[in-house]
Amino acid sequence: MAMELDRIIAVVDEDVVMQSELESQMRRVRDQLRQQGTALPPTSVLERQIMERLILQKIQIQRAEESGVEVPDERLEAAIQDIANKNQLNLSQFKEILRSDGYQFSEFREQIRDEIMIASLKRQEVDRRIQVSESEIDNYISNEFNTGGSDAEFQISHILISIPSDASGEEQLEARRRADEVITRLRDGADFGDLAIAMSDGQNALERGDLGWRRAEQIPSLFAPAIRDMEVGDVSDIITSRSGYHVIELTNKRSGEEVLVEQTHTRHILISPNELVSEQDALNRAKQLKIRLDGGDDFAELARTNSDDRGSAIDGGDLGWVSKGQMVPEFEEVMLYTEIGEISAPFRSEFGWHILQVLDRRSYDGTEDVKRAKARAAIAQRKKDERYQSWLRRLRDEAYVEFRTDEP
């Protein structure tokens, strides 16, 4: 019996999507949907959603490579070890579980590398360009988020019928027809999540359109006026933007009555790779410093003489009281899992190799400074979400994509 050969099913700029990639992703998503108890959409619908994800991934990886984004092996291994640790497994056990699930470790490893590259690219191209003015913070606080009080949180689901930037009149009419069909089917009692999987072009389509829990100020400004007047279970009318037609559902709502903010007093030493210090040299230096710290050397003195974070080095590496969401994710994760008095092993972030020590923890009541910091973070997150979607759409529109699904 002849063996079926793998084949190219799409060309994406300088890269390709292989049939095997699509089939592997199809199996994985089907398994996830079954575990969630979600009815499987038709194969053609699922294939369209996954193909679009693969295409966007290929485009972003190529852009990351063009921008000089790299993921050194040491950083990749640290990320994988961290995933295993979260699951309370050693690396051998973790590999065995992947194998038993039909998942090759080498494939998983490259997937994590791609995810780190895309996250780094997003920070470089989107996140770091976001600015929040003091007047925006003032308005945010004075308006009490404009809806439901400052503590309100909303779970929103979303369906997008996209319109390409160069769409013809006929394509625009077809998009509007599909949006009208979505509204009609929802009003006839169709399940929002099932329709999102079947019809949405949004990034969260395979998550049943779920955008997760958001505070009012984190809701995209396009949706905020509609959400303000909606009750749980309500579905909006069609919302039009340059990217297409949107329909949203207010899936749930809660009052996040937080009074105290959990803070960590921490200090760190940073060793950053550069033109003169290789990735391996930076890691080796961090390991040597950890050995000295374990041997009783003074943390503050080593930070003053060795840390590349000169802003904190002058204070012995002291970062003061840090609230959740204030540091980059890799740093925050280690900080939150480190016990008081404990010194962490070296770990990698986008800035280099860190060693941190947790000095104390406290619950801090909401002062004006904390309110402003939370407001700044929330406004920045909303801007990031909106700009990221716009940036992705532009990348997709500018990319050369040729489908070859009909080839023998």
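Rings of Phe, Tyr and Trp, the last taken by its six-membered ring, pair if their centres lie within 6.5 Å. By that criterion the structure, a predicted model, holds four aromatic pairs. One of them is formed by Phe94 and Phe108, in an edge-to-face arrangement with 5.4 Å between centres and 75° between planes. The protein chain has 408 residues, with 14 helices and eleven strands.

**Overall form**

- Along the principal axes, the C-alpha atoms of the protein chain fill a box of roughly 70 × 65 × 40 Å.
- Of the 408 residues in the protein chain, 42% are buried.
- Among contacts in the protein chain with a separation of 6 or more, 70% are between residues 24 or more positions apart.
- The protein chain has an accessible surface of about 22,300 Å², and carbon and sulfur atoms account for 46% of that surface.

**Aromatic rings and charges over them**

- The pair of Phe94 and Phe108 is edge-to-face, the class for planes over 60 degrees apart.
- Phe94 belongs to helix H4 (residues 91-100) and Phe108 to helix H5 (residues 105-125), so far as sequence goes 14 residues apart, and the pair links distant parts of the chain.
- Phe94 has 7% relative accessibility and counts as buried, because the cut-off for that class is under 20%.
- Phe108 is likewise counted as buried, at 8% relative accessibility.
- Phe94 and Phe108 form one aromatic cluster together with Phe105.
- The face of Phe105 has Lys95 over it, at 4.6 Å from the ring centre.
- A further charge over a ring is that of Arg362, which lies over the face of Trp321 at 4.1 Å from the ring centre.

**Strand E1 and its partners**

- Strand E1 (residues 8-12) is largely enclosed by the rest of the structure, because four of its five residues are buried.
- E1 pairs with strand E2 (residues 15-18) in the antiparallel sense, over four bridges.
- E1 is also joined to strand E11 (residues 401-403) by three bridges, and these two strands run antiparallel.
- Val11 has a bridge partner in each of these strands: Val16 in E2 and Glu402 in E11.
- The hairpin of E1 and E2 has two residues between the strands, and Asp13 takes a positive phi there.

**Strand E3 and its partner**

- Ten of the eleven residues of strand E3 (residues 152-162) are buried, and therefore E3 is largely enclosed by the rest of the structure.
- E3 pairs with strand E4 (residues 210-215) over four bridges, in the antiparallel sense.
- Within this pairing, Glu153 has Arg215 of E4 as its bridge partner.

**Arg304 in helix H11**

- Arg304 is placed in helix H11 (residues 299-306).
- With a relative accessible area of 36%, Arg304 is partly exposed, because that class runs between the cut-offs of 20% and 50%.
- The C-alpha atoms of Arg304 and Asp315 are 7.1 Å apart in space, while the two residues are eleven apart in sequence.
- Apart from neighbours within four places in sequence, Arg304 is in contact with Asp298, Arg310, Ala313, Ile314, Asp315 and Gly316.

- Asp13 has a phi near 55°, which is positive in a residue other than glycine.
- The loop between E1 and E2 holds Asp13.
- Asp13 counts as partly exposed, at 30% relative accessibility.
- Gln88 is not a glycine, yet its phi is positive at about 55°.
- The loop that holds Gln88 lies between helix H3 (73-86) and H4.
- Gln88 is exposed, with 75% relative accessible area, because the cut-off for exposed is over 50%.

Terms used. Residues are numbered from 1 along each chain as its sequence is written. This is a predicted model: local features need pLDDT of at least 70, side-chain atom pairs count only at pLDDT 80 or more; totals for chains, interfaces and linings use all residues. Side-chain values use heavy atoms; hydrogens and water are left out. Buried means under 20% relative accessible area, exposed over 50%, partly exposed in between (1.4 Å probe, protein chains only). Two strands pair if DSSP finds at least two bridges between them. Rings of Phe, Tyr and Trp (its six-membered ring) pair if their centres lie within 6.5 Å; planes under 30 degrees apart count as stacked, over 60 as edge-to-face and the rest as tilted. A charge sits over a ring if NZ of Lys or CZ of Arg is within 6 Å of the ring centre and within 35 degrees of the ring normal. Contact means heavy atoms within 4.5 Å. Accessible areas come from the Shrake-Rupley method with a 1.4 Å probe; for residues, only the protein chains shown count as cover.
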